[in-house]
Amino acid sequence: GANIHVCADVSLFSSYQVGRTSSLLMGNGARAAVRGVGTVDLKLTSGKTVQLKNVHHVPSIKKNLISGSLLCCDGFKLVFESNKCVLSIYGTFCWKRL
């Protein structure tokens, strides 16, 4: 589903548990194998670190996926405007992507 975080690189996990064989349905309709679940410490351009929990390890994807709705549930604010995405928490700027 759309409300999960997905990471391809197992070395980015700070904790990791190999899971039973499962798969995710990707946006293009293909299934991708999930190898495990764990925690990823995401380093932001502001110097802050955000801990993402229950991240699915999917080696076959080309880019890591972060759920905006899950970040918002954790107190983050996402703003999309003028072809930019700005992430902040409690009014403090964290990250901007052009």
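What does the secondary structure of the protein come to?

**View 1. Overall fold of the predicted model.** The secondary structure comes to one helix and seven strands, where helices (H or I, at least four residues) and strands (E, at least two) are DSSP runs numbered from the N terminus. Read along the sequence, these elements follow the pattern β-β-β-β-α-β-β-β. This is a predicted model in which local features need pLDDT of at least 70 and side-chain atom pairs count only at pLDDT 80 or more, while totals for chains, interfaces and linings use all residues. Residues are numbered from 1 along each chain as its sequence is written, and side-chain values use heavy atoms, with hydrogens and water left out.

View 2. L44 lies in the loop between β3 (31-43) and β4 (49-57), and it counts as buried because its relative accessibility is 9%, buried meaning under 20% relative accessible area, exposed over 50% and partly exposed in between (1.4 Å probe, protein chains only). Although L44 and L87 are 43 residues apart in sequence, their C-alpha atoms are 9.6 Å apart in space. Across the protein, buried residues make up 29% of the 98 residues.

**View 3. The cysteines C72 and C73.** A disulfide is taken as a pair of cysteine sulfur atoms within 2.5 Å, and by this rule the count is zero. C72 is in no disulfide, the nearest cysteine sulfur, that of C73, being 7.2 Å away. For C73, the closest cysteine sulfur, in C72, is too far for a bond. C72 is partly exposed, with a relative accessible area of 40%, whereas C73 is exposed, at 66%.
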